[in-house]
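Q: Could we go through how the helices pack here, and then turn to the nonpolar core?

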Amino acid sequence: MTLTPIASNQALNDDPRRYEHLSIIRLEDPEAVARAARSRRRHPGVKSGRQNFIVAADHPARGALAVGDDPVAMADRRQLLDRLQIALANPAVDGVLASPDIMDDLLLLGALEGKLVFGSMNRGGLAGLVNEFDDRFTGHTAAALEALGADGGKMLTRICLGDPDTVSMLEATAKAIDSLAERKLIAMVEPFLSIRENGRVRNDLSTNAVIKSIAIAEGLGSTSAYTWMKLPVVAGMERVMAATTMPTVLLGGDPDGTQDEVFATWQAALALPGVQGLTVGRTLLYPSDGDVAGAVATAASLLHHTTEVSE
């Protein structure tokens, strides 16, 4: 996929100094982040019958900057913040999933009013790292998320049966789930069965592999009361969703198909029981035609909102 630059009429401002004030605030008044978090208006809460739309922006913290054919598409922080603000300005977008650095920028920009907020917890499994499966928890902690007034934390859970680091990663994930549950915060677990091929980590997206990853992940921690699944859209999604009773959000990944093909697969999966919405990043923030607002609006139109809301 070859990317088209963000449309000039969508850019909030093309001044190269447009985010300089963030650096000044961080220099002179770092407590401003905590004040912004305390004063932020919270999301009214998730409900059955209303699927949620969360924009993901935690890829750079793992060194994963590529989108399509561009190996550094997400490297320009100003462009990323532009794109995130365009996405979050759509009232159908319910929230964000971000690493601490991006989350703090968005808080200072006032972009998270009334939004769901999920922090990215483990970013230590850097893309291409020799110990990539040793995915340390180097981002948000449960205590920090509670202090931010966040709704929960997300953890990438790649399970490699041939790598000894998997067991310590699973133990750390279980502890993170417990720590979040103690604070009544959602644990958004993103499981994969993964392998290393020619020095690179590859996630097995076969139906049976995704089902097996769910079976392992949903048993982590001493309670699953606050656990959600974050799952890829793969073949056989009916079987995949039959593997769990946990609320599930669909991830976008970095698909090979056309945007229309991707949206069609999302639409079909969103109709399945247990699917609570979308948590998508690169696909919408860096669409091939550069139209971020259009891609976000199209994705939002796929969500199911009914009047049958549980009390």
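A: Axes are lines fitted to C-alpha atoms, for helices over the stretch in contact, and angles run from 0 to 180 degrees between N-to-C directions. Helices are DSSP runs (H or I, at least four residues), numbered from the N terminus. This is a predicted model, in which local features need pLDDT of at least 70, side-chain atom pairs count only at pLDDT 80 or more, and totals for chains, interfaces and linings use all residues. Residues are numbered from 1 along each chain as its sequence is written, and side-chain values use heavy atoms, without hydrogens and water.

Q: At what angle do α2 and α4 pack?
A: Helix α2 (residues 32–39) and α4 pack at about 70°, and their axes are 9 Å apart. The two are therefore roughly perpendicular (65 to 115 degrees).

Q: Which residues make that contact?
A: Ala-32, Val-33, Ala-36 and Ala-37 of α2 and Asp-104, Leu-107 and Leu-108 of α4 make the contact (heavy atoms within 4.5 Å).

Q: And how do α3 and α4 cross?
A: The axes of α3 (residues 77–88) and α4 (residues 100–108) come within 11 Å and cross at roughly 60°.

Q: Moving on, how many residues are in the largest nonpolar core?
A: That core has 79 residues, and Phe-53, Leu-106, Trp-266, Leu-278 and Leu-284 have the most contacts inside it. A nonpolar core is a set of buried (under 20% relative accessible area, 1.4 Å probe, protein chains only) Ala, Val, Leu, Ile, Met, Phe, Trp, Tyr and Cys residues joined through side-chain atoms within 4.5 Å.

Q: What is Leu-284 in contact with?
A: Leaving aside neighbours within four places in sequence, Leu-284 contacts Phe-53, Phe-263, Trp-266, Val-292, Ala-295, Val-296 and Ala-299.

Terms used:
Buried means under 20% relative accessible area, exposed over 50%, partly exposed in between (1.4 Å probe, protein chains only). Angles under 35 degrees count as roughly parallel, over 145 as roughly antiparallel, 65 to 115 as roughly perpendicular and the rest as oblique.
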